[in-house]
Amino acid sequence: MKPEADGPLATPGAARPAGEPRGVAPTYRVVGTSGPRIDGPQKLDGRACYVDDLSFPGMLHAAAATSEEPHALLLDVDVEAARKSPGVLCVLTAEDVPGQNQVGVSRKDQPLMARDKVRWVGDRLAILAAESAAEARAAARKVKGRYQRLPGVFDVETALDPETAKLHDGGNLVSKGVVRKGDAEAALLEADVVISNRYQVDWQEHAYLETQGCVAVPDDSGAITIHGSMQCPFYVQTAVADVLGIPLSRVQVVQAVTGGGFGGKEDYPSELAACAALLAWRTCRPVKMVFNREEDFRLSTKREKMVVHHTLGAKKDGTITAVKAKILVDAGAYAGLSVVVAERGNSSAVGPYRVPNVQVDTLTAYTCNPFGGAFRGFGHPQVAVAHEAQVDELARQLGRDPADLRLQNLVEPGDQLASGEVLSPPVEARLCFTTALERVGYEDAKRRHAAFNAANPTKRRGLGLATIAYGGMLHACGQSLEGAGALVQVHRDGSVSFAMGHTELGQGAHTVVAHVLAEALGIPLDAIHRVPTDTRLVPDCGPTVASRTTAMSGHAVLDAARQLREVMVPVAAEVLECWPEKVEFVHGRVRDTAPGGKELAFRELAQACFLRKVHLAASGWYAPPRKLYDPATGQGQAYSHYAYATHVAEVEVDLATGQTQVLKMTCVHDVGKAIYRDGVLGQIEGGVVQGMGYALMERLVVKEGRILTANFTDYLIPTTLDIPEMDIVLVEESPEAKGEAVVRLEGAPEQVRGPYGAKGIGEPSLIPVAPAIRNAVSNAIGFPVRLVPCTPERVMDILVENKVDPYAA
Amino acid sequence: MPGPGTTPERTVTEPTLFPTEIPQPLAFTLNHVPVVLHAKPGARLLDVLRESGHLTGTKEGCGEGECGACTILLEGKPVCSCLLLAQTVEGQDVVTIEGLAASLGARVHPLQAAFMKHMGTQCGFCAPGMLMSAAALLQDNPQPTEAEVKEALSGNLCRCTGYTRIIRAVQEAGAQLRARSDEVTEALSSEAVARALSEGDS
């Protein structure tokens, strides 16, 4: 039998990580299986402690007073009434910040508390701590700002005009990203067909079920501990240290059980933690700050509204020759993560198509609108709506079938993406696409829908396709954050604990990483205990974002496991009286694989190591190879690998109401390797439903910078009654892949990927949904929808405009 | 520089207790045990359970009855504890997620086991409320159709799972509950048979 040491453990952290050598059929014992989540029991019996469930002696409660004006000079903040309010112990304004009054994650443009000027209704005038949350909120309402109003900036399309009021001294342009490949202008002049349209994709609220919250606990050593609901403890650590003016070593951040993030708990928890920390620092008491739902809606970040002007040029035969796009990104009042979101939008605007001439300009602008941030897909969902709509429009113009036209232009090995990088095999774009068509029975489905439509005067069915290439790991512009660590300890009884720097948000990160560790040490999953993510245990691992946790933390624990095996194998060889090369770790046992070889339990080996004073703790680390990329042209290696996906949406639109029901979603995802199969499927199912909400029903109504739909009564997210039938197919590389609906593919990864060839799935699951549904709705009603979400009102507008009256004789 | 050890600024305020702020004893059955908790007349049941009852399994997701995260069973019916004044449960029977399994005299309720098996939860925040709504459904209808499960859980929002695994888990738990009650019936009947036999002997 092949020793496991020849497997993935042989190459952790290397440029060609993870993947098995071509042609070798790997045998995994834990990787690729399903089973219970390791955090399941406590989440199902009520024991799991989320931040609002934590309590400390003497704990105070915090609230913030925010601006009443979307754009104004701030002449004065009157906190006297708030100070005298019952239960209040401490009121702080910008003057009271001992360190930097700054929380901007990408740029120092965002004060923790406003001074001189307010730029949106979420700007804080003051923060306060009281004996109860109700008293804190009541006091916050008594804080009064004195303002001199300035003209508001509410429209991203005019935000950059010279006559528009300026939010910041440098003007309203936050950043500009470009892609320059070939000569798009010239190619468009030569094109037989040019399709040019404007797409508007609105804000989306994360609507994680647990609102934002944290508790700051000062201690007697001059340090402070933050417990919170968050994705990025290291961001929180930095923000708290900066605001308090203390070194990072004195800020400990411990992630509490977190009730969903989806990007919404990437940067915003830093602001909350900075407020709570400041109040705790001043009062020397623990301070809790937990948003209610309305506060969360009004103050936390949103998926950015984008307006995409997309022009596509093609030959008569359907070959796409050029894409020219101008993308406007509404950042809100501060750069936040919008500038980074824009990079992903910029690099993804063409889609997985072979396009020789590309010109993309991505302009991110300051406005007084809701604060833009990270949200599952990170700029890609908005541009995917545009690029997939455009391909459908081209098909219509040419009288071609949209599937056929996509197949003609989809990238293959050796082709270049818009970034100019040449794709090495395997490129699963085509496989995902054709598999989706087969699963859905494409031609049949079209015929069925046509027959239904012919028989129903008031209902129309339609089918929509969307296909994407999702850039894996962080964009090249953010690669300074690409390193991850893990701490693994083997205890003397053979149980194993691990800590990682990335967070469990519900996505299953800890269970996935436990699978990787169990495989690597040949132990059962139940021998592994995960320690909550804590900045004192693992060095800065960057954020838990970009569908990269499996890859980054997975490689980090593999590195730690390799170190542990290095010290354990000689002891095993000594006890088993065999050659170290023959030692194998499997099923909780360690054995000599030579004929007649002896074996011992992993537990016994741990005990033997302990008695010999072998160091049974290892700190693993992984950093992927650098990507070479030129931001001035958008050319180079933008990402570490690409994950492909195709979704097919089948919908039914009621012509009398404009209401759309999604009948079925067929989703094919290239995941490289599903390490924790239930986790992968769960991510896709959740991503599809969240994407469906984005496509059809989740409309954040914003008027002059104020959100009018700040609760679940007015902002609708999908319920059990809205979900479609889902058919999910995983495209995997491993010929060992088990389970239903798996396409088996020969070939090995050439790209930098996660352990065992895994690619991320968190974001790719959502990105194609809105484009596919938008295309299906347009297909059903026979007119293009260019506003997303495609709410009933918007669909009715189109039907009325085009005089579609289902009740006309 | 301010920091721990420096004197905090403090505004001394005399607490004024209005009659509505004076906690009153509240006697009811909580998770199968009679209890007396203290609750202000205006307090929500959710807060009383979490604060006085130290049962933090019941969650607040929206505070206005839209998300269902705070669902508990009141006299066997699922209700949003964020919409309920605590005083109204005087003398009644309240079951929270912490008492769900004990309702069956079990350590793990079949619903919890099925949610584990099918990964019916991700972030876990909606799970307590979801499980209570599902428990109420299965109590009334141990063999629900998919449509009935969807209807019964439509007041419980989940942002992670896409619901399909939850629905599957509830249906499977229903099957297990049925098997369980069949076993009980069988046990009873065999007991009855045995008794009848012994009576016959004597």
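Partly exposed, in this tour, describes a residue with a relative accessible area between 20% and 50%; under 20% counts as buried. Keep that scale in mind at each stop. The model on screen is predicted.

**Stop 1: colour by confidence**

Colour chain A by pLDDT. The average for chain A is 94, and 95% of the residues score at least 70. Now select residues 1-25 of chain A. Here pLDDT stays under 50. The model still has 54 contacts for this stretch beyond four places in sequence. Go next to residues 735-745 of chain A. This stretch also stays under 50. It has 29 contacts beyond four places in sequence.

**Stop 2: where the chains meet**

Show chains A and B together. Select the residues in contact: 71 come from chain A and 51 from chain B. Interface size is often given as the accessible area lost when the parts come together. Between chain B and chain A, about 4800 Å² is buried. Carbon and sulfur atoms give 58% of that area.

Which elements of chain B give two or more residues to the side that touches chain A? Select α2 (110-117), α3 (127-140), α4 (146-152) and α5 (164-201) of chain B. Then colour this side of chain B by residue type. It divides into 22 nonpolar, 16 polar and 13 charged residues.

**Stop 3: salt bridges across the interface**

Six salt bridges run between chain B and chain A. Zoom in on A:D52 and B:R50. Their side chains meet in a salt bridge, 3.7 Å from N to O.

**Stop 4: salt bridges inside chain A**

Over all chains, the count comes to 58 salt bridges. Start with A:D39 and A:R37. Their side chains meet at 2.8 Å, N to O. Is this pair buried or exposed? Both A:D39 and A:R37 are buried.

Move to A:D415 and A:R354. This salt bridge is 2.8 Å, N to O. A:D415 lies in the loop between α10 (402-409) and α11 (429-440) of chain A, and A:R354 in the loop between α8 (338-348) and β16 (357-366), so the pair ties together parts that are 61 residues apart in sequence. Show the surface. A:D415 is buried, with a relative accessible area of 15%. A:R354 has 28% relative accessibility, so it counts as partly exposed.

Now pick A:K446 and A:D401. Their side chains form a salt bridge at 2.3 Å, N to O. A:K446 sits in helix α12 (residues 442-455) of chain A, while A:D401 is in the loop between α9 (380-398) and α10. The two are 45 residues apart, and the pair links distant parts of the chain. Why is A:K446 partly exposed? Its relative accessibility is 30%, which falls between the 20% and 50% cut-offs.

**Stop 5: a threonine in strand β28**

Finish at A:T646. Strand β28 (residues 641-654) of chain A holds this residue. At 0% relative accessibility, A:T646 counts as buried. Show the side chains of A:T646 and A:T467. They make a polar contact at 3.0 Å. Then show what else surrounds A:T646. Leaving aside neighbours within four places in sequence, its contacts include A:C432, A:F433, A:A436 and A:A466. Also among them are A:T666, A:C667 and A:V668.

How values were computed: Residues are numbered from 1 along each chain as its sequence is written. Chains are lettered from A and ligands numbered from 1 in the order in which they are written. This is a predicted model: local features need pLDDT of at least 70, side-chain atom pairs count only at pLDDT 80 or more; totals for chains, interfaces and linings use all residues. Side-chain values use heavy atoms; hydrogens and water are left out. pLDDT is the predictor's confidence in each residue, from 0 to 100. Contact means heavy atoms within 4.5 Å. Buried area is the accessible area (1.4 Å probe) that two parts lose on being put together, summed over both. A salt bridge is a side-chain nitrogen of Lys or Arg within 4 Å of a carboxyl oxygen of Asp or Glu. Helices (H or I, at least four residues) and strands (E, at least two) are DSSP runs, numbered from the N terminus. Ala, Val, Leu, Ile, Met, Phe, Trp, Tyr, Cys and Pro count as nonpolar, Asp, Glu, Lys and Arg as charged, and the others, Gly among them, as polar. Buried means under 20% relative accessible area, exposed over 50%, partly exposed in between (1.4 Å probe, protein chains only). A polar contact is a pair of N or O atoms within 3.5 Å; within protein, one must be able to donate a hydrogen and the other to accept it, and residues adjacent in sequence count only if both atoms are side-chain atoms.
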